[in-house]
Amino acid sequence: MHLDVLNPATEEIVATVPAASAQEVDAAVARARAAFPAWRDVAPGDRARLLRAFAEKVDVHAEELAVLEVREAGHPIAQARWEAANLRDVLHYYAGAPERLTGLQIPVPGGVDVTFKEPLGVVAVIVPWNFPMPVLGWGVAPALAAGNTVIVKPAEWTPLTALRVAELALEAGLPEGVLQVVPGEGPVAGRRLADHPDVRKIVFTGSTRVGKELMAACAPDVKRLTLELGGKSANIVYADADLERAAATAPYAVFENAGQDCCARSRILVQRDVYDRFLALLEPAVSGLVVGDPGDEKTEIGPLISAAHLARVRSYVPDDAPVAFRGEAPDGPGFWYPPTVLATPDFRSVRAWHEEVFGPVVTVAPFTDESEAIALANDTPYGLSGSIWTRDIGRALRTARAVQAGNLSVNSHSSVRYWTPFGGYKQSGLGRELGPDALDAFTETKNVFLNTEP
Ligand code: NAD
């Protein structure tokens, strides 16, 4: 079996990569298992140095990695550079962790009690195609820092950067078997990792449907599991907000990466008094988006990942859809779809209002007051992200506390910052990645009591 990697902007095949069978996955797990004891026992300072060397290799090859991401994922080059830099930064951040992986000393009668944070063993990281390098780094960096060995299963459409990153890890001095990349089909290679008894943890980022399947697959071995799943996030704009800024930034909060972003603010809720004014400001912001050749430095939005995904996104905008206005998209080859704004007072009848489109389609809806805004924002099975625009600090905090989502930003659209925890409420996920506590998800706590009684 082989995977054909297509350039989504041209539809040309840029590489063909062997797809791992279940037996090949088993062999990778055996190598990871064999490499584990020595990697666990590397002195913390040495493990830190190796992770720093790995980060520096990524830095030296950042442009090469970014160009590879443009080719396999169609990401605009400026964004792809950010993605390579994010992988480097996350490796540097967690390079600081091995030397700080402290336990507790707990006061108890009759002796001394201490806790240790011990690695789990073999960890598998299953990665989607929408942000191949960052998502790989968020799992790999803390897992390695904690002393685990890691197998990455990249998405079928985007294995190239992951394969190159694994080569860079070896060049940086990571021992063989500590970080492996196994490209393959989800239901074959991904599923085998979840079923394999020697894999102690799955980190999965992808669709809620597959996430639920993996949760069940992990049950027989009580395998540890982190899930980063879908989203249907709200961008709440109150009447007292800086409307010009809210409207100028709203397109990027949903259309960046062609809307293929789990944190996409794909529902814009606007207070009724300023609804018309906001739409009037939004229209030029959407028509001004630069959609086109991903290799061009000025391009802001590229194509969708595949023909099948384009057909799926299109299905959310039938002929009778309430299209308020649209941006541009190139003609010719490539999986292009124009940024599209749907707006109607009857927004609940719009399918795109309820479901994750994962494409450049946003629905704008009016609301009357704070309680209605919060109720609308929470009226979804997801809870990943969201934004709140207001000049009233009390209202900003009340709304942020009431919206059931893991990552909220006020007067900005920030979601993922590697210094802070990231993850979802409800069906958007399980557990948290990034931030200072990420190593807790890659360690077991061992408690040891030492009797000091004579
Ligand atoms: P997907 O679930 O189809 O695939 C994700 C990964 O899982 C791929 O590597 C795929 O090969 C693998 N996979 C597929 N079926 C599998 C199976 N049965 N067993 C094991 N592995 C399997 O998702 P996708 O279409 O690649 O990504 C889009 C989804 O990812 C969206 O829903 C998006 O919101 C979500 N996402 C979430 C986050 C987050 O951090 N919350 C980040 C990025 C993407």
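1. S349 lies in a loop, the one that runs between strand β13 (340–343) and helix α12 (351–354). The model is a predicted one. The relative accessibility of S349 is 53%, and the cut-off for exposed is over 50%, so S349 counts as exposed. Between S349 and A85 there are 41 Å in space, C-alpha to C-alpha, and the two are 264 residues apart in sequence.

2. On the nonpolar cores: the largest comprises 57 residues. I236, V237, I268, L269, F278, L282 and V364 have the most contacts inside this core. In soluble globular proteins, nonpolar side chains tend to be buried together.

3. Next, a helix pair. Helix α2 (residues 44–60) packs with helix α6 (residues 160–172) at an angle of about 130°, and their axes are 8 Å apart. The crossing of α2 past α6 is right-handed.

4. The residues at this contact are L50, A53, F54, K57 and V58 from α2, which meet V165, L168, A169, E171 and A172 from α6. Sorted by class, the contact of α2 with α6 contains eight nonpolar residues and two charged residues, with no polar ones.

Notes: Residues are numbered from 1 along each chain as its sequence is written. This is a predicted model: local features need pLDDT of at least 70, side-chain atom pairs count only at pLDDT 80 or more; totals for chains, interfaces and linings use all residues. Side-chain values use heavy atoms; hydrogens and water are left out. A nonpolar core is a set of buried Ala, Val, Leu, Ile, Met, Phe, Trp, Tyr and Cys residues joined through side-chain atoms within 4.5 Å. Buried means under 20% relative accessible area, exposed over 50%, partly exposed in between (1.4 Å probe, protein chains only). Axes are lines fitted to C-alpha atoms, for helices over the stretch in contact, and angles run from 0 to 180 degrees between N-to-C directions. Helices (H or I, at least four residues) and strands (E, at least two) are DSSP runs, numbered from the N terminus. A crossing is left-handed if the near helix is turned anticlockwise from the far one by less than a right angle, and right-handed if clockwise. Contact means heavy atoms within 4.5 Å. Ala, Val, Leu, Ile, Met, Phe, Trp, Tyr, Cys and Pro count as nonpolar, Asp, Glu, Lys and Arg as charged, and the others, Gly among them, as polar.
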